[in-house]
Amino acid sequence: MKFSALFAASALSTASAFAPVASNNRAATSLNVWGDKDYLIAPSILSADFAKLGQEVDNMLEAGADVVHFDVMDNHYVPNLTIGPMVCKALRDHGVTAPIDVHLMVSPVDAAIQDFIDAGASYITFHPEATNHIDRSLQLIKNGGCKAGLVFNPATSIDYCEFVKDKLDIILLMSVNPGFGGQAFIPATLDKAREARKFIDDNGLDCRLEIDGGVKVDNIKEVAEAGVNMMVAGSAILKEPRTKESYKETIDAMREQLAQV
C-alpha cells in the first residue's frame, strides 16, 4: 500500500484534536441501506493508492460498490499502523456521501469511537477484546447516530453477542487474522458464519452479517450461501490497473456470483 507511515502516525496521534463536525455533514450521509439490497459490497481502502485516495473511492463507488470499508490499525491491538479520523473527514470533505464502515482495530476504543463519529463515520465496529465495557462502547456508537457492531477474530467466539444483541446492527467476522491486507481466506469462518446467521435469525435481529478477509470472485457465492450479506473485499477489487472500468469488472463479476445464491 502506497501510504506514508508518517502520515498514518499523524492521523492517529491527532485524533483527539477533532471538533465535532456540523450536523449537516451527518445529514448528508447515507445511513439506512439495510433494506434495499440483499448484498452489500464494501471495498477496503486499505488496498487503495493513498496518493490519490479521493479518486480511488470515487472510482470504486461509481463502479458499483455500496460501502467504503475503513480499516483502522494502531500498531498495538494489531501489528500495523494505518489511518485515523482525519482521513475519514477528508473523504467526507471530498464529497463522499456513501456509508463509511469504520473497523476499529485499536485498543482502547472509546476515544477513537467518538473521533470517528465526529469525522463522519456511518458504521463503527470494534473487537470485544479491545474494550473493558462492550455494552458501553456500543452505546457510545449508537448515541452518536452510527450503526454499531462487534468484530470477531478467527478464534474468537460470537458468544459476546448474546447480552448485547439489542445494540447490534452488524456482526463482522474476520476470515483472516487482523492486521494486514491480502491474506488468504480461512475456510473455518464459513462455519462461524452459519452460526452467526442462525443467531441473527433466531433472535429476529435487523443486523447485517459482514465478513472481512480473502473474499474474491471465486468464493463470494460460498460466503453468501453461509449467510453473509455484507462483503469486504480489498485487494480483490482495488488492484492494477486501478481504473473505474477494472473495478466495475470485478464488482460485476461478484454480483453475478451473488445472483446465483
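A nonpolar core is a set of buried Ala, Val, Leu, Ile, Met, Phe, Trp, Tyr and Cys residues joined through side-chain atoms within 4.5 Å. Buried means under 20% relative accessible area, exposed over 50%, and partly exposed in between, with a 1.4 Å probe and protein chains only.

The model is predicted, so local features need pLDDT of at least 70, side-chain atom pairs count only at pLDDT 80 or more, and totals for chains, interfaces and linings use all residues. Residues are numbered from 1 along each chain as its sequence is written, and side-chain values use heavy atoms, leaving out hydrogens and water.

**Exercise 1. Find which residues touch the most other members of the largest nonpolar core.**

Step 1. The largest core has 71 residues.

Step 2. Ile 45, Phe 70, Leu 104, Ile 124, Ile 171 and Met 231 touch the most other members.

Step 3. Take Leu 104 and set aside its neighbours within four places in sequence: its contacts (heavy atoms within 4.5 Å) include Val 72, Ile 113, Phe 116 and Ile 124.

Step 4. A second, separate core has 11 residues, among them Ala 42, Tyr 123, Val 176 and Val 232.

**Exercise 2. Describe the aromatic pair that Phe 70 and Phe 116 form.**

Step 1. Apply the rule: rings of Phe, Tyr and Trp (its six-membered ring) pair if their centres lie within 6.5 Å, and planes under 30 degrees apart count as stacked, over 60 as edge-to-face and the rest as tilted. The count comes to 2 aromatic pairs.

Step 2. For Phe 70 and Phe 116, the values are 5.7 Å centre to centre and 70° between the planes, an edge-to-face pair.

Step 3. Phe 70 belongs to strand β2 (residues 68-73) and Phe 116 to helix α5 (residues 110-119), so the pair ties together parts 46 residues apart in sequence.

Step 4. Check the burial: Phe 70 is buried at 0% relative accessibility, and Phe 116 is buried at 1%.

**Exercise 3. Work out how many residues of α5 are buried.**

Step 1. The buried residues of α5 are Ala 112, Ile 113, Asp 115, Phe 116, Ile 117, Asp 118 and Ala 119.

Step 2. That makes 7 of the 10 residues, so α5 is largely enclosed by the rest of the structure.

Step 3. After α5 comes Gly 120, with a positive phi near 105°.

How values were computed:
Helix = DSSP H or I, 4+ residues; strand = E, 2+ residues; numbered from the N terminus.
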